[in-house]
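Thanks for coming. I will go through one interface and the charged residues around it, then take questions.

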Amino acid sequence: MSQVEFFQQLINGLSLGAFYALIALGYTMVYGVLRFINFAHGDIFMLGAFLGYYLTPRLMPHFPGALAAVGVVVVVLLTMALCALLGILIEKLAYRPLRARPKLTVLITAIGVSLFLEFGGQFVFGADPKSFPELIEDRALGSGALTITKGQVIAFVVTVLLLVALTFIVKRTKLGMAMRAVSNNATAASLMGVNIDTVISFTFGLGSALAGVAGILWSITNTTIDPLMGVQQGIKAFTAAVLGGIGNLPGAAVGGILLGVIETFVGGSSFSTYRDAIAFALLIGILLFRPAGIFGRMQVEKV
Amino acid sequence: MMKPTLLRSLVLPLTLAVAGLFTAARAQDVVVGEFASLTGSEATFGINSNNGLQLALEEINAGGGLLNGRKVKVIVEDDQSKAGQAAAAVKKLIASDQVIAIIGEIASSRSLEAAPICQSASIPMISPGSTNPTVTDKGDYIFRVCFIDPFQGTVMAKFALDNLKAKKVAVLTDVKSDYSRGLAQFFEDYFKAHGGEIVKELAYNGGDKDFRAQLTTIKGANPDAIFVPGYYTEVGSIGKQARLLGIKVPLLGGDGWDSPKLLEIAGNSLEGCYFSTHFSPDDQSPKVQDFVKKYKAKFNAAPDGMAPLGYDAMMILADAIKTAGTTDGAKVRDALAQVKNYAAVTGNITIDDKRNATKSAVVLQVQGKAIKYTSTVAP
């Protein structure tokens, strides 16, 4: 492998990892607060992509010429808002009534919600892949040996910005403090006057909004979207969250990027067929030595 | 006590009479089953081959049907472009719809699923467009009306050597698809045997959306062309990502590219690229032009390569039933095996001893927003 090729693969890996990271942030946040894996998260990512698909041709004509950038922001924000709303709605309808039940019940429900969204999506949008409209023209920047596209740069920058913003929300705001309190001990937090329902709704909304942005950014750089696109990305992002230490925000980001880079280097080697197998084998290896993930702390379950 | 008995004595003959009515109706129609990918990632294959088939069906029934005026009825099952669904669809068609023959599929992996089921039920199966050679190996009831990949692979390898003067070619295959792996193999065999060099061989999984890792490695190997024997959904994305990575050499492919969706997904990234397929609407022969005219009138779109294959499959089946004079599986099978020089839309079809059609292929090129005819290659 030449040096140029190595750096090009690194760029490919980092940008693929940025997507995984963005989706993983949502998984990890919900887990951090509720100790529950929201398997429908990958499907919110898919819905984000489809919202972008339907909103772009309807909204962009209202933002001609120089206003196009404003239009993009409007499309993205609207998608985020709708995804957030959907996340909150799913939590209210499907998970909240089961909150006092065993964790396994909620987990199975989450899988049910996920399947509902996937096949409901097939019913509503149709099962054939669709070509995502050019919300942002994804062109190569620079003409040297190394290329990076506009979409890739935007995805990476947005991921970093959102990670910073999220960390700020969790660490510095009152709602963030409440999130951490609920995560630490929900009963104690409610006794201190924290409204648990609000905190949980907020967490779901925030996580789903992130999945929505990820859906749009992914579709800009990867062209085709279909109702089952969330399955594979969801599993990858979930793995990234576990790898980084589930419940840990920077961990999710690092886990996502690591997974993206490993996958890309395997995919570019002569073992390209075993891309996923080798990536996941490496992850199992890492988890054997650090069962709580790279940034996770081991917790002793108290009886 | 009298009434119920009377009622019972009436019910049985009535039921029998009604059932007899339905059986009679069934015996009137010649029921053929079709399984196709009407939705999913190869949706245009299923939709367009089915369109072609429906066109043939209309003509057959308008011409008085088969076997002394019996109408032909086709029951279509959607396999959603998914592995496993094809077998389920065919089992349903045979067991519950009691079809006398089956037409399907384009994708070789799904035809390979269905073939053993048709074979063991002694139901003749005609694949309109599965080009992997192993499909008809499944038994003597399995036929096809298209050429096979040892031919198609050779056509493109020859094209790369002679027309493009390519010496070094990289190959990118879909590891999940029997079609893709087979076609790649036959391409490589011919290309290497005639002085070419395969500089890189990489694979992806059908359904993948990110191909940058494989393409970056291919770019590093500096090939003169890239052979991508995949299906149009992935090929479209591969084309787009290849250009964004600064790969400028042409991409080559097979009939898996032949879909109106290809350019919709690829944008202008496949400009100047070539693929081999069964048919070009630009072909000036009267048979083709007549088909194009009828197809446009009914579906308001130009036919791709899959549409005439569906048409030909249905027509050849009807022809065989006529020759056999019955819908009996074994007799229809024998009639199909004897098809010689049948003038089909996609060329003259002769079924060989391996139940494959021997006929020519065309090479098409992407030019702007259209796909243009460049040459015909005879077997």
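**Salt bridges at the A–B interface**

B:Asp210 and A:Arg275 are both buried. Keep that pair in mind, and keep in mind that this is a predicted model.

The side chains of B:Asp210 and A:Arg275 meet in a salt bridge, 3.4 Å from N to O. Where do the two residues sit? B:Asp210 is in the loop between strand E7 (197-204) and helix H7 (212-220) of chain B, while A:Arg275 is in helix H11 (residues 275-289) of chain A, so the pair joins two chains.

B:Asp210 has another partner, in chain B. B:Arg212 forms a salt bridge with B:Asp210, and there the closest N and O atoms are 2.7 Å apart. B:Arg212 is buried, as is B:Asp210.

Which residues belong to the network of salt bridges? From chain A there are A:Lys236, A:Glu263, A:Arg275 and A:Asp276, and from chain B there are B:Asp210 and B:Arg212.

Now the interface as a whole. Chain A puts 37 residues into the contact and chain B puts in 28 residues. Between them the two chains bury about 2600 Å², with 50% of that on carbon and sulfur atoms.

How many salt bridges cross the interface of chain A and chain B? The rule finds three. It also finds 15 residue pairs in polar contact across the interface of chain A and chain B, counting pairs with both residues at pLDDT 80 or more.

On the side of chain A that touches chain B, the elements giving two or more residues are helix H1 (3-34), helix H4 (103-125), strand E1 (130-131), helix H8 (196-222), helix H9 (229-244) and helix H10 (249-267). The largest share comes from H1(A), with five residues. By type, the residues on this side of chain A divide into nine nonpolar, 20 polar and eight charged.

Last, the count for the whole structure. Over all chains, the search finds 24 salt bridges. One example within chain B is B:Arg110 with B:Glu105, where the closest N and O atoms are 2.6 Å apart. Are these two residues buried or exposed? B:Arg110 has a relative accessible area of 5%, so it counts as buried. B:Glu105 has a relative accessible area of 2%, so it is buried as well.

Notes: Residues are numbered from 1 along each chain as its sequence is written. Chains are lettered from A and ligands numbered from 1 in the order in which they are written. This is a predicted model: local features need pLDDT of at least 70, side-chain atom pairs count only at pLDDT 80 or more; totals for chains, interfaces and linings use all residues. Side-chain values use heavy atoms; hydrogens and water are left out. Contact means heavy atoms within 4.5 Å. Buried area is the accessible area (1.4 Å probe) that two parts lose on being put together, summed over both. A salt bridge is a side-chain nitrogen of Lys or Arg within 4 Å of a carboxyl oxygen of Asp or Glu. A polar contact is a pair of N or O atoms within 3.5 Å; within protein, one must be able to donate a hydrogen and the other to accept it, and residues adjacent in sequence count only if both atoms are side-chain atoms. Helices (H or I, at least four residues) and strands (E, at least two) are DSSP runs, numbered from the N terminus. Ala, Val, Leu, Ile, Met, Phe, Trp, Tyr, Cys and Pro count as nonpolar, Asp, Glu, Lys and Arg as charged, and the others, Gly among them, as polar. Buried means under 20% relative accessible area, exposed over 50%, partly exposed in between (1.4 Å probe, protein chains only).
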